[in-house]
Structures are given as structure tokens and as C-alpha cells.
Amino acid sequence: MMQGQLSTSMASPFRVVVPYFIAAIASWVVLNLALAMIAPEIRGHYFQPHLLALTHTATLLWIGMTIMGAMYQLVPVVLEVPLYSKRLPVWAFWIYLIGASGMVVHFWSYAMKTGFVVSAFLVFVAFGLFIINISLTMRRVRAWNLTGLCLLSSLVYLFLAASLGLVLGVNLNHFFIRVDHIQHLKVHAHLAFAGWVTMVIMGAVYKLIPMFTLSHGTSTKPGIFAFVALHIGVIGLTVELLFGGGRGPLLGVYAGVMTAGIGAFLVQVALILKYRMRKAFDIGMKHALVSFIALIPTVLLGDLFAIGGTGKTELDERFVLAYGFLIIFAYISFLIVGQMYKIVPFLVWFHKYSDKVGLEPVPLLREMFSERTGEVQFILMVAATVSTLGGLLIGQQGWIIAGVWGLSIAAVIFAYNMYTVFRK
Amino acid sequence: MVTKEEVMSCLEGVVDPEIGINIVDLGLIYDVTIDDDGTVGVKMTLTTPGCPMHEQIAFAAVRTLRRMDEVRDANVEVVWEPPWTPERLSSRAKVLLGFL
């Protein structure tokens with residue numbers, strides 16, 4: 001008989017979390033292929049129907065699906081509490097899939113009428129179910145850690161970002177409040193990326209990277225500083241953008257605090273990696289490293305906009321597109337793709353082989369997919385990202401087109417590699 | 001009667017599916033006891049609390065030990081004190097991890 005309290009007994013069932021990852025991977029392919037199709041349109045102001053549609057494909061279907069799936073899996077295991085409801089995520093998945101897909105379709109044709117409002121409302125409901133489920137799960141936590149606090153904080157920012165997004169979406173064609181849409185759109189994006197997504201990433205990284213690299217004995221002081229500074233920066237910038245007109249000197253101050261927080265986060269990551277026992281970087285860690293490196297130009301560009309931009313409209317428009325691309329494709333997507341190489345094989349392995357361990361030979365996690373194929377995808381994704389980013393920064397359409405097609409091929413290769421995991 | 005050395009040798013067949021190194025070389029085994037009736041008790045730890053793969057490692061240890069001819073039953077107790085540290089890695093594990 002086995003004794004002792006083990007965290008896996010808290011793990012969410014396969015059927016609850018896997019649909020989120022399958023939908024996310026499919027969305028990643030659709031996102032990249034669609035981006036390649038509209039490559040010539042990637043210029044000028046970002047408030048364009050197709051760019052809005054693809055931005056929400058990325059944030060809702062790719063990033064949102066992944067985060068919800070990962071948190072349904074991670075929170076019970078890391079915080080050692082059972083998921084409050086295992087039925088809610090199943091309902092929430094379909095509500096979310098229908099709502100988010102509907103939003104993307106309506107953004108694409110810029111039909112912001114009833115269909116869009118219903119879709120946005122469905123997304124809001126699904127996020128609400130997610131937030132309620134995770135909050136009630138966390139209510140049972142007895143021993144809090146930095147990862148838990150980051151994940152809990154992320155729920156608050158998700159609620160704020162989703163609420164503001166719903167209000168703005170409805171208000172586009174059913175005017176009920178007088179607001180500057182572009183200014184509030186910045187707050188919506190800021191709360192989503194800097195608040196929700198970055199808090200999730202910080203929490204996950206503090207737990208997963210030491211676990212995957214066998215890193216022990218690292219001080220968590222930089223991580224705690226990053227947590228506090230990011231909160232001050234995100235809240236301060238939100239208040240300043242909403243009530244300070246978005247041009248005051250405090251904008252630069254709060255951006256500076258956020259930069260310090262991100263800097264501290266990177267110092268924490270560097271410390272974890274310095275004390276790692278597993279010296280070689282596997283395919284998941286290689287992707288994560290690119291994500292961490294990409295944070296540096298991302299934050300610098302953010303700081304540039306906080307102090308007023310370059311003063312040249314055409315240059316600022318290019319830099320805003322580059323900024324958005326860096327956030328979604330370099331910083332967030334590299335980390336997600338890398339962690340998918342860990343999470344998906346684990347989920348399938350756990351489902352198919354956990355009853356067989358000790359009774360018959362079972363594969364290692366890295367044997368669940370082709371590492372060589374993963375390496376090819378990684379190199380192509382890096383090259384394509386650099387090409388697209390370079391093209392956006394200097395206004396070279398050829399580089400952008402080559403880059404986004406490269407990203408599409410890399411996304412298809414990645415999806416194929418994930419498909420082989422399920423077939424294993 | 002089975003010996004501690006035979007038990008440890010048997011446990012070398014239990015591999016962490018994420019790291020790819022067996023639990024003995026990872027230094028996860030703290031203690032092995034063998035009762036007169038052939039019941040084996042193993043006190044082991046895991047590299048970090050909250051790793052979702054680890055229950056399977058402990059299950060694998062129990063099942064592997066139960067397959068030994070001279071073992072009547074096997075119990076595995078997972079403990080967190082003292083916590084695992086990298087110093088517990090064997091030289092072979094350090095080489096495999098690229099540390100040496």
C-alpha cells in the first residue's frame with residue numbers, strides 16, 4: 001500500500017482540461033494561417049477589423065484557452081486543493097468556444113450588432129464561471145505561496161479586463177456611455193496582458209521552471225519584488241490612463257515601476273536557471289528562454305509609449321504593431337508553445353500510462369513526441385519571429401510576409417507534433 | 001530473504017518519466033526496511049512538492065517491489081522532511097544531467 005499525501009490525487013480529470021489545449025492548438029494554427037492571409041494588411045493603425053479579429057483569436061482562443069486549461073490543471077496540484085467543480089469547466093468550455101469564435105467572426109466583418117454582443121456576453125459568462133470555480137477552489141488553500149498569490153491576482157485582472165472589454169464591445173454600436181474608445185482599449189489590453197496574462201506567467205514560471213530544471217535553494221526576493229512592483233505598475237497605469245488623460249508624468253513613473261518589476265522577474269528567472277541541476281535546455285526550456293529574452297524589447301517599447309512615443313505618427317503606428325506582435329507572438333506564445341511540450345505529453349501520459357507504471361515499460365515524456373521535429377519548428381519560429389518583427393519595425397512588407405508564412409508553417413509543425421502525442 | 005541491496009537494485013528500475021533518471025540515482029530513497037515476513041517498507045521523497053508526475057513514481061516503486069519473488073508486500077511512504085536537495089544526486093545522475 002502506498003502512503004503519504006501526494007499532490008496528484010488533486011489533479012483535474014483528463015476530459016476536463018484536454019479540450020482547452022486541443023482548442024488552443026487549433027486556434028494557434030488558424031491564427032497564424034489567417035495572419036499570413038492578411039499579411040499585406042499589417043500596416044497603419046491597429047484598430048482594423050481583421051487585426052482586431054486576429055488579436056482576439058490570439059487572446060481569447062489561443063492564450064485564454066491555454067491559461068484556463070493550465071490553471072484547471074495547475075491550481076489543484078500546486079496548491080494541493082481539489083478543483084471546486086469538475087463539471088463547470090466542461091460547460092464553460094463550450095460557452096467560451098462559441099462566444100470567442102462568435103466575437104472573432106463578428107470582428108472580422110466588423111458586424112458589431114446583436115450577434116457580437118451575445119458572443120461577448122457568452123465569453124464574459126465563461127470567464128465568470130472560470131473565476132468563480134478557481135476562486136472557490138483557492139478558498140480551501142491552507143498554505144499560500146508566491147505562485148498561488150500570482151494566480152489569485154490574475155483572476156482580479158481577468159475580471160477587470162473582461163468587464164471593460166464587454167462594456168467597450170457593447171458600446172461600439174449600442175452607445176450607452178460616453179468614453180474615448182481608443183484610450184479605454186489601451187486599458188483593456190493593459191489589464192489583459194500586463195495584469196492577467198503576466199501574473200499567470202509569473203506564477204507558473206516560479207513553480208514550473210525550478211521543477212523542470214531541478215533548481216533548488218534560490219532566493220525568492222526578486223520574485224516577491226516583481227509581484228509587488230507589477231501590481232503597483234498595472235494599477236497605477238490603469239488609473240492614470242482612465243482618469244489622468246493618459247499623458248501625465250505619472251504614466252512614465254508607473255511604467256518605470258512596471259519595468260523594474262519585469263526586470264526583477266527576469267532576475268528571478270536567471271537565479272533559478274543559475275542554480276539548476278539539469279544543465280541542458282530541452283525543447284520546452286528553449287522556447288521559454290526566447291520568451292524571457294523577448295520581454296526586454298517588449299518592456300522598452302512599452303516605456304517608449306508611456307513617455308509619449310517617437311512623436312512621428314507613422315513610426316509610432318509601426319512600433320505599436322511591433323509592440324503587439326512582441327507581446328503576443330514572442331513573449332506569450334513562445335512560452336505557451338514551450339510549456340505545451342511539457343503539459344500535453346504529461347496529460348496524455350497520465351491518461352494512458354499511469355495505470356501501467358511499474359507493471360510494464362512506459363515511455364518517458366520526451367518520447368511522446370519528436371524532439372527533432374520540435375527543434376525544426378523552434379528554429380523556424382525564431383527566424384520567422386525575427387523576420388516579422390524586423391519588418392514591422394522598419395516597415396518592410398516583404399519581411400513581414402516571409403515572417404508570418406514562416407510562423408504558419410511552424411504552427412502547423414507544432415500542431416502535428418502535438419497530434420502525435422495524442423496518437424502515442 | 002531479500003536484502004536492502006536487492007531492493008535498491010530493483011528500485012533502480014523505476015525512472016522519473018520527466019527527468020529520465022531512476023529514483024535511486026536521483027537520491028529520492030531515504031530508507032528501506034525489511035520485515036521478517038518479507039514486507040518491504042520504503043521511505044522516499046520527491047524532488048519538489050506539487051509535481052503532478054510524482055504519484056506515479058511512488059506507484060511504480062510499490063508495483064516494482066511487489067514483483068520481486070521474495071517480497072510479500074511493499075509499502076512506500078512519501079515524506080517531505082528532510083527536503084530533497086541536489087546533493088543527494090548520485091555521480092551518475094549528475095553526469096546524465098550535464099552537471100559533471
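Select chain A: it holds 12 helices and 1 strand. Helices (H or I, at least four residues) and strands (E, at least two) are DSSP runs, numbered from the N terminus. This is a predicted model, in which local features need pLDDT of at least 70 and side-chain atom pairs count only at pLDDT 80 or more, while totals for chains, interfaces and linings use all residues. Residues are numbered from 1 along each chain as its sequence is written, chains are lettered from A and ligands numbered from 1 in the order in which they are written, and side-chain values use heavy atoms, with hydrogens and water left out.

**Whole chain A.** Colour chain A from the N terminus on. The elements run β-α-α-α-α-α-α-α-α-α-α-α-α. The radius of gyration of chain A is 21 Å, close to the 22 Å of the globule rule for 424 residues, so chain A is as compact as a globular protein of that length. That radius is taken over C-alpha atoms, and the rule is 2.2 Å times the number of residues to the power 0.38.

**Contacts and burial.** Take contacts in chain A (heavy atoms within 4.5 Å) between residues at least 6 apart in sequence. Of these, 81% join residues at least 24 apart. Of the 424 residues, 59% count as buried. Buried means under 20% relative accessible area, exposed over 50%, partly exposed in between (1.4 Å probe, protein chains only).

**Surface and charge.** Show the surface of chain A. The accessible area is about 17200 Å², and 70% of it belongs to carbon and sulfur atoms. Areas come from the Shrake-Rupley method with a 1.4 Å probe; for residues, only the protein chains shown count as cover. Now show the charged side chains: 27 are positive and 14 negative, with the centres of the two sets 7 Å apart. Lys and Arg count as positive, Asp and Glu as negative; His and the chain ends are not counted. Each charge is placed at NZ of Lys, CZ of Arg, CG of Asp or CD of Glu.

**Glu80(A).** Go to the loop between helix H2 (49–79) and helix H3 (88–109) of chain A, where Glu80(A) sits. Its phi is positive, about 55°, although Glu80(A) is not a glycine. Glu80(A) is partly exposed, at 37% relative accessible area.

**Leu214(A).** Next, find the loop between helix H6 (181–213) and helix H7 (221–243) of chain A; Leu214(A) is there. Leu214(A) is not a glycine, yet has a positive phi of about 55°. Leu214(A) is buried, with a relative accessible area of 1%.

**Pro82(B).** Switch to chain B. Pro82(B) lies in the loop between strand S3 (73–78) and helix H3 (91–96). Select Glu81(B) too: a cis peptide bond joins Glu81(B) and Pro82(B), with omega about -5°.
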